[in-house]
Amino acid sequence: MAAMQKEVWCVPYDHHRFCVKHLAANFSSTHSKKGLKNRVVQLASQVQPKKFDMLWEQLVAIEPRAAEWFENKPLMKWSLAHDGHKRFGMMITTHSESWNKAILDAQKLPVTSLVRELFLKTVEYFDQRRVEIASQTIRGKIFTKHAKKMLSRAITRASGHHVKLFDRETWLFQVVTRKVGLKGGNSHTVQIQESMCTCGKWQNYRIPCSHMIACCAHVKMKHEMFVDEWYKLENVSKVYGSIFEPIPSKDEPRWPMKIDFPKVTHDNDVKKKKGRRKSTRFLNEMDFQAPNGNKNTSSMPHSTSSMPP
């Protein structure tokens with residue numbers, strides 16, 4: 001929290017948001033009633049303010065102390081319905097945890113070896129991503145796998161919607177979903193010029209929802225043109241466009257000769273104790289038990305900076 005309050009991490013450079021998985025875990029650690037953690041995750045993940053309000057009332061009814069606990073936590077930091085459409089639906093730090101798992105073996109190395117291993121692992125990851133993106137581009141793919149999966153799901157749902165055009169000049173529509181049993185039959189307003197649907201999904205995920213896709217099909221308009229630029233492979237490839245230079249040996253001209261920072265040496269007054277040093281990392285309830293019986297010692301960040309998938 002102290003680091004993210006520094007100006008270099010704030011708007012306009014980035015938008016700080018909480019990891020909902022950790023938020024819910026912190027909440028459940030101080031409120032022991034069963035099922036509260038899942039309720040917090042469900043609450044934070046709602047895209048419609050009215051559904052958020054309904055679930056919030058249910059949470060406070062079950063645990064009245066919740067209102068006090070959330071009092072100093074801004075809604076925009078943890079609620080998808082109130083975050084200003086900055087996090088693209090990303091509610092947890094999965095990308096950070098994936099990296100932590102990849103460097104698990106390097107975490108206990110000496111500093112020099114640790115930095116070298118992190119550098120080489122980064123080079124390996126960048127090369128893998130470039131190959132994957134190039135392969136998808138050659139096959140004629142335009143959007144990321146994540147975007148295609150969401151679009152396919154929305155297209156399937158759109159086939160059962162009933163669309164009514166209200167204004168062709170501003171592309172204002174009413175969409176009524178197909179009723180199946182007790183579900184469906186909901187009415188939504190779509191404004192294509194404003195990139196808005198009252199379901200909230202289009203604005204939050206930056207990918208057309210099923211209601212918007214149904215409207216496009218109704219007027220024979222291509223919905224792909226409304227997928228956000230962040231999901232295009234040509235833009236994702238730019239993230240991994242930089243090429244790293246191999247680490248030079250000390251006899252190469254590229255090796256830095258002048259070092260401006262001080263040399264760090266061991267304090268001889270501090271005696272090293274026998275045996276392996278005990279880890280000072282704080283473990284929490286989300287540290288899982290590995291099959292071999294060892295604890296997973298990957299770092300668990302408690303906040304996330306919103307970046308497009």
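This passage describes the overall dimensions of a predicted chain and then the arrangement of one of its sheets. The model being predicted, local features were considered at a pLDDT of at least 70 and side-chain atom pairs only at pLDDT 80 or more, whereas totals for chains, interfaces and linings use all residues. Residues are numbered from 1 along each chain as its sequence is written, and side-chain values rest on heavy atoms, with hydrogens and water left out.

The chain contains eleven helices and six strands, these being DSSP runs numbered from the N terminus, with helices (H or I) of at least four residues and strands (E) of at least two. Its radius of gyration, taken over C-alpha atoms, is 25 Å, while a compact globule of 309 residues would have a value near 19 Å, according to a rule of 2.2 Å times the number of residues to the power 0.38. Along the principal axes, the C-alpha atoms fill a box of roughly 80 × 55 × 40 Å. Of the 309 residues, 32% count as buried, a term that denotes under 20% relative accessible area with a 1.4 Å probe and protein chains only. Among contacts (heavy atoms within 4.5 Å) with a separation of 6 or more, 57% are accounted for by residues 24 or more positions apart.

An open sheet of four strands, paired antiparallel, has the order S2-S3-S4-S5, where two strands are taken to pair if DSSP finds at least two bridges between them. In general, the strands of a sheet pair through backbone hydrogen bonds, either parallel or antiparallel.

Within this sheet, strand S3 (residues 172–176) is joined to S4 by five bridges, and the two run antiparallel. Leucine 172 stands opposite glutamine 191 in S4, and valine 176 has serine 187 of S4 as its bridge partner. On S4 itself (residues 187–191), His188 and Val190 form a covered face, whereas Ser187, Thr189 and Gln191 make up an uncovered one.

Terms used
Buried < 20%, exposed > 50% of the residue type's maximum accessible area, 1.4 Å probe, protein only.
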